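Please look over the model shown here before reading the report that accompanies it.

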Amino acid sequence: MPVMSQEKLLWAYERMVLIRAFEDKLHQLIPQHRLPGFAHLSAGQEAVAVGLCAHLGDKDFVTSTHRGHGHCIAKGLDVGAMMAELYGKSTGSSKGKGGSFHIADLDRGMLGTNGIVGAGLPLACGPALVAKVRGTRQVAASFFGEGATNQGAFHESLNLAAVWKLPVLFVCENNLYSEATPVEYAIKIKNIADRADAYGIPGVIVDGMDFFDVYDKVLQAVERARNGEGPTLLEAKTYRYFGHYEGDAMKYRAREEEQSYRNRDPITTFKRKVLSEGLLAAVECEAIEKKAIAAVEAAVKAAEEAPLPHPEECLTDVYVTYP
Amino acid sequence: MANREITYREAINEALRQEMERDPDVIVIGEDVAGGAGLPPDMQDAFGGVFGVTKGLLGKFGPTRVWDTPISEAGYMGAAVGAAATGLRPVAELMFVSFMGVCLDQLSNQGAKLRYMFGGKAKVPLTVRTVIGGGVRAAGQHSTIDYSMLTHIPGLKCVAPSNPYDAKGLLVSAIRDDDPVIFCEHIQLYNMKGPVPEENYAIPLGKAHVMRPGTDVTVVAFSRLALVALKAAEQLGKEGVSVEVIDGRSLSPLDEETILASVSRTHRLVVVDEDTPRCSMASDVVALVARKAFLALHAAPQMVTPPHTPVPYSPPLEDFYIPSSQKIAEAIRASLEARV
């Protein structure tokens, strides 16, 4: 297990618990039609988002996916602004223009969740190029699902980043299903990490249900990137507890499979470990858990009370200038 | 059975089923068009497409006719173009028209132009079914219309049915057509019910549908907004205004004759469309009338479209964005009051 400060451990636990509380709350609110639109929840995948973002600062950019709430929270976005965005309120992180598919906070290094599968990989090469041009030690990371690795954009991005030695971490969250399609049908190799060989970059498998395994292996990839040695493809073996989208009947997978992953829940596993090894106290963990639920409840309350945008706000933000 | 009512979704499913029965070369390709591919039989066909439109086809026709794909639009769209050019009659599903960007090269540079560039030696009998439209709070990358852009491409044909009857008949024609046809299904229409004959029938491409005859003003509207325009026309009818509503269901080829004949009788034109206004179906119809029926016009043509912006998420913003019955009625009144 890697050495981590108590402060970092507390942060990691707090972020993972906050993601879970946020997603669980949405899972409860969406069937009540309390908010418009669609949501794709990431509960179960918290260790990947937090284990990666633990190594990043606000100036290190991340691109995310349709299943991106966890990435946003791990990157330090305010759950109040996120929840307001999901409610379509003017106080939302995108002023109600984007919704779940388009949550962004450039000050926090979040270049957006995304509605297009695989579109985040080329985008992440952008901030990595900026770092290269300016000679900074910033890195970029792109989260994507295993389904995205079948997109041309995946191939082109990995090759480009390899050729230019861009400081990018390509982080595949392999949760076994692209929508309803099982990974075994859509990909004929066992490990997506092996695809890295085709581009001459390292491919690393991590246990996405184990925060410490993610943290440890990402550390090496981040250092490699910051040292100018180029990109890494990481494959996190993980699982989403909920459906592809909220409302998905999940007829394509067995409940026993879900349970087997829930038995290895990343948050429970983390807590058990830090408590048994005396790294954190039970009282500290409980305080974090209570705080997370309170923060999400407050976010919901504020979002419900916030004003809707004025209709003509539709016309703003299209261009910087336009006569 | 002429009075049998089924949904738009069921009408499309029925057209696919009947055409697949009729012609063994018709195959269906797309992401999760079955769903659960490779799983035990009871877990396959989990989706039938994300909107359930292709549900049941796998069970009836088996995996050599219904192909789930990896998330690889450029790959499977190109394969569909190539298969069409070499013997099959594929129906490829693009989950949302907004994803067209991912595979546009295969359609615009390959599928649309092969025949021309090969001097007429190839044909590409491909149908691309795709989902268009907003109103479901899905934001900028899942709510676009984009068919104006596709209509712009020589070599592609494009239709956008506004009701279950047209959906079935136009899909049958699209599948039987020897050119690539983009078939645009509006997301808000899937549950719409309407009369659809059980027997197979084809509605020819290139024919508009006069939904309501009138004498004072011509409204040309597309897809779901044809229904909204009809409502506005019915409302104005009660006020004594006679509005002719034309559903321009075939975008390419466009039924110029029906539109021009109507405007030459009513002398006024309002075009209603959910696509953005620049270089669009709406501006195309206005240009058509300006070029070919200029002297018939008694007022400047009106366009009722969204603004030149992406589709917003929040309900009040999206409701502002999508033309309403009220905005259509206002444009019709403005047209009646104006005089050249």
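Predicted model: local features only at pLDDT ≥ 70, side-chain atom pairs only at ≥ 80, totals over all residues.

Residues are numbered from 1 along each chain as its sequence is written, while chains are lettered from A and ligands numbered from 1 in the order in which they are written.

**The sheet of chain A**

Helices (H or I, at least four residues) and strands (E, at least two) are DSSP runs numbered from the N terminus, and two strands pair if DSSP finds at least two bridges between them. In chain A, five strands with parallel pairing make up an open sheet in the order β1-β2-β3-β7-β6. Its edges are taken by β1 (61-63) and β6 (203-207) of chain A, each of which has a single partner strand, so one side of each is left without a neighbour in the sheet. On average, and with direction ignored, neighbouring strands of this sheet are turned by 20 degrees against each other, where axes are lines fitted to C-alpha atoms, for helices over the stretch in contact, and angles run from 0 to 180 degrees between N-to-C directions. Helix α8 (residues 211-226) of chain A packs on the sheet and touches β3, β6 and β7 (232-237) of chain A, its direction making about 170 degrees with that of β7(A); contact here requires that the C-beta atoms of two residues, placed from the backbone, lie within 7 Å.

**The sheet of chain B**

Chain B holds an open sheet of seven strands with mixed pairing, in the order β3-β2-β4-β5-β7-β6-β12. The strands β3 (66-68) and β12 (250-252) of chain B form the edges and pair on one side only, and the twist from one strand to the next averages 20 degrees.

| Strand pair | Bridges | A bridge partner pair |
|---|---|---|
| β2 (residues 140-145) and β3 (residues 168-174) of chain A | six, parallel | F144(A) and C172(A) |
| β5 (residues 127-132) and β7 (residues 181-186) of chain B | six, parallel | T130(B) and C184(B) |

**Helix α6 of chain A**

The twelve residues of α6 (residues 152-163) of chain A should span 16 Å at 1.5 Å a residue, and the 17 Å between its end C-alpha atoms agrees with this; the expected span is 1.5 Å times one less than the number of residues. Buried residues of α6(A) are A153(A), F154(A), S157(A), L158(A) and A161(A), a residue being buried if 20 or more other C-beta atoms lie within 10 Å of its own, exposed if 12 or fewer, and partly exposed in between, with C-beta atoms placed from the backbone. Seen down the helix axis, these buried residues fall within an arc of 125 degrees, so they line one face of α6(A); the arc is that of the directions from the helix axis to the C-beta atoms. Their cover includes α5 (120-134), β3 and β7 of chain A. Just after α6(A), K165(A) takes a positive phi of about 50 degrees.

**A buried valine in chain B**

V286(B) lies in helix α10 (residues 281-292) of chain B and counts as buried, with 20 C-beta neighbours inside 10 Å. Leaving aside residues up to four places away in sequence, V286(B) touches V271(B), P301(B) and M303(B).

**The interface**

Contacts link 36 residues of chain A with 34 residues of chain B. On the side of chain A that touches chain B, β5 (181-182) and α7 (183-186) of chain A each supply at least two residues, and α7(A) gives the most, with three residues.
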